[in-house]
Amino acid sequence: MMRFSPRLTFLPLALLLAFPAQAQVPDHGAASRPRIGLVLGGGGAKGAAHIGVLRVLEEMHIPVDCVAGTSMGALVGATFAAGVSPQSIEDQVLAVDWSETVGQTGDRDLMPIDRKIQNKTITNNLDIGVKDGNLKGAGGFLNTQNIDELLRSLVAGARYVDNFDSLPIPFRAVATDMVAGEMVVLGDGDLSVAMRASMSVPGAFSPVIMGDKVLADGGQMRNVPVDIARAMCGDVIIAVSLATPPPTAADLSSTLSLAGRSIDVMIEANSRAQLATLTDEDVSIVVQMGDIGSGSFDRVPDAIPLGRKAALANAASLSRYSVSPEEYHAWRKRINRDYSKPVQVAEVTVVGLEKVSPDYVKTAIRVTQPGATVTPEQITADSKRIFALGDFAEVSHRITDTPTYPTVEFHPVEKSWGPNFVNFDAGLAYADGDHTAFVLRAEHRREWLNSLGGQWRSVAQIGTDLGLQTGLYQPLDMRQRYFIEPYLRVTRYYEDIYDGNNQVAKYDFLESYGQVDFGLNLGSLVQLRAGVRQSWNEVDLQTGTPELLPEFPRTHESDIVLEAKYDSRDTVGMPSKGSLLEARYLSAESWLGGDASYGMAEAMALTVVPFRDDSMNVFAAGGMDTSGELPSYRRYRIGGLYSFPGLQRQQLRGESYWLLGSSYKWKLADIETLFNQALYAGLRLTSTSVSGRADGENDEILTGLSVFINGRTPIGPFTVSLGGVDNSSWALQLGIGHPMREGSIIDDIW
């Protein structure tokens, strides 16, 4: 399985502020024994091994007087220092869905339907802003909202202890100030933010900003912070470090592998320097992690036993610091904390916003309402709904005021690189012979033009299909349920015309129109639209014979357009679960001076059902003329990699059609488990019938079978298919990135 470079895919966590040189650590009954400082080193997913060590310390009745941690060591160490038992830490960590927490799978379920529709044409997750004439990003490849929520849930109420010396066990986290190039020891502030800063791997996660400090992964400076624990309380240090076998020369044959290794070398050097300061009184526990890497969060259950094994191997040295069961249980009772108690909310506030309306944000808060009794998990759920609105870099929350009058404060942080955003995409389609098509696409949106959340949206596309669209999306109420969207669009595309299996001509289609839509958004699943359109269309022969499709002079249409969408898919293109339903109706009449009179309706349905690591989908689509005769530029097109593999792109052209299909996909290999990126092999069966065909063929039913390999990868989706049809047509076809338009509602499936 392919993975990110060891230090480049780690869970972010832990931030801030330098600590006093010599912390005053509470006695905790340690007068008759040496004070023990626990040091937990960094290592991303490997750091789950620390939990196994903590379990052994508990079984051996070894109390701890202070904790210092870096990166994942800060996550485990802060949770332990907050008074959470090792058993509870293990239970919580094992319950985490890391593909959701790190890979953001499942986030689309909460996304407002309009955001889903906006994102349907883009095959990547880039979120690029335009600021001061420059392109700017979020500061990290991965979004950290779900990770931040995990950290807040782990330490819960301990976040509100401003001084980390006041925790049940005093604690320090280590981060790196990327401005000064110096170590920063975090001893106060929000505990979850300190955890986040300590694990903010540069490039993977955005740094934590505190004043003039830009805080990132502490492993760069002090991966095993022995000296920090020694200064806090450490008469004796128990230091836990995580070891991975060194690479071979063959492993370092690429630029990326060398770059990743250079970071590892730096971290290993400062770790060795710290471990070299240990004395005979101290205990060094080195956990051999084998093939578990920093980004192997799917291997967290395997890492915990490795920590236990390493601690037990040092049982003789550790036993020197065991205390009686009575003394240990008394210590454990003093530090235990229960952060799961619900609170009755007196007030809910949204603070810190400049452009986004606080009243709009409050519409996403479902459970945390004044007078309600809520749990920390319910507050987190509301925080996630706020983040899903799509306007924020992060959303945090705090409980303030007294226990008898608790106020829940949500702190959404607007994207600093907005409010102008752009995204780019590309697509390539190839079929055997010289059938190649490509597009380059750029999208722009200007958000929050007014207090109701108006957006100016534009799309430009070049390649086989040319297009330009710009318009204003204007919500009409604070909940953004009702909206109006006027826009202008110009498209120009070239299409091949077929007589049976033979290409006989190429045509140039040009359409320009202005449209005004009135719409209704229903939560995260449904959008309804009704629009009025004025369009102008031309059809010109480029090469070949005009016998099958006559040229069409410039025609003016006056149209009424209706559209309905339901979307519960987990991702756009190659979903692993969910459904998509869509219906369209267009009526062209002469009531506003239109030259054409006809009607057309089209609908489709897709459902995807997961089976363990595999999936099966079933889809159906159909279109028909409801009145008049469809002009040539409105006729339905079937054929191509997405609508009917084995047929050339847009090979069948007619006035009505139906299509049924089903495919089954077997997972061949994981590419990156956290991000649901994998390689699949599949089998697809498709049947269709097209009536009123341009080539005069009868309404025969065509059936095709195709085999394919596809997958979502770090550079986008791809599909390679070999398909055959019972009309003797067959094709080897390839699609990369943005899907090419094939001319029916089926385009929206992929």
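Buried, as the word is used in these legends, means a relative accessible area under 20%. The model shown in every view is a predicted one.

**View 1. The disulfide between cysteine 66 and cysteine 233 in the predicted model.** The sulfur atoms of cysteine 66 and cysteine 233 are separated by 2.0 Å, and with a cut-off of 2.5 Å between cysteine sulfur atoms the count comes to one disulfide. Cysteine 66 belongs to strand β2 (residues 66-70), whereas cysteine 233 sits in the loop between α9 (226-232) and β11 (236-243), so the bond ties together parts that are 167 residues apart in sequence. A disulfide is a covalent bond between two cysteine sulfur atoms. Because the torsion about the S-S bond of cysteine 66 and cysteine 233 is about -80°, this disulfide is left-handed. In terms of accessible area, cysteine 66 and cysteine 233 are both buried.

**View 2. The contact of helix α2 with helix α6.** Helix α2 (residues 72-81) and helix α6 (residues 145-155) have axes that come within 8 Å and cross at roughly 30°. Since angles under 35 degrees count as roughly parallel, α2 and α6 are therefore described as roughly parallel to each other. On the α2 side the contact is made by Leu75, Ala78 and Thr79, and on the α6 side by Leu151, Leu154 and Val155. Sorted by class, the residues in this contact of α2 with α6 are five nonpolar and one polar, with no charged residues.

**View 3. The surroundings of methionine 111.** Methionine 111 is placed in the loop between α4 (98-101) and α5 (113-118). With a relative accessible area of 18%, methionine 111 is buried. When residues up to four places away in sequence are not counted, methionine 111 touches Lys116, Asn119, Ala388 and Ser524. The C-alpha atom of methionine 111 is separated by 9.5 Å from that of isoleucine 386, although methionine 111 and isoleucine 386 are 275 residues apart along the chain.

**View 4. The hairpin of strands β6 and β7.** Strand β6 (residues 171-177) and strand β7 (residues 182-186) run antiparallel and are joined by five bridges. Within this pairing, alanine 175 stands opposite valine 184, a residue of β7. Four residues lie between the two strands of the hairpin, where glycine 181 takes a positive phi near 70°.

How values were computed
Residues are numbered from 1 along each chain as its sequence is written. This is a predicted model: local features need pLDDT of at least 70, side-chain atom pairs count only at pLDDT 80 or more; totals for chains, interfaces and linings use all residues. Side-chain values use heavy atoms; hydrogens and water are left out. Buried means under 20% relative accessible area, exposed over 50%, partly exposed in between (1.4 Å probe, protein chains only). Axes are lines fitted to C-alpha atoms, for helices over the stretch in contact, and angles run from 0 to 180 degrees between N-to-C directions. Angles under 35 degrees count as roughly parallel, over 145 as roughly antiparallel, 65 to 115 as roughly perpendicular and the rest as oblique. Contact means heavy atoms within 4.5 Å. Ala, Val, Leu, Ile, Met, Phe, Trp, Tyr, Cys and Pro count as nonpolar, Asp, Glu, Lys and Arg as charged, and the others, Gly among them, as polar. Two strands pair if DSSP finds at least two bridges between them.
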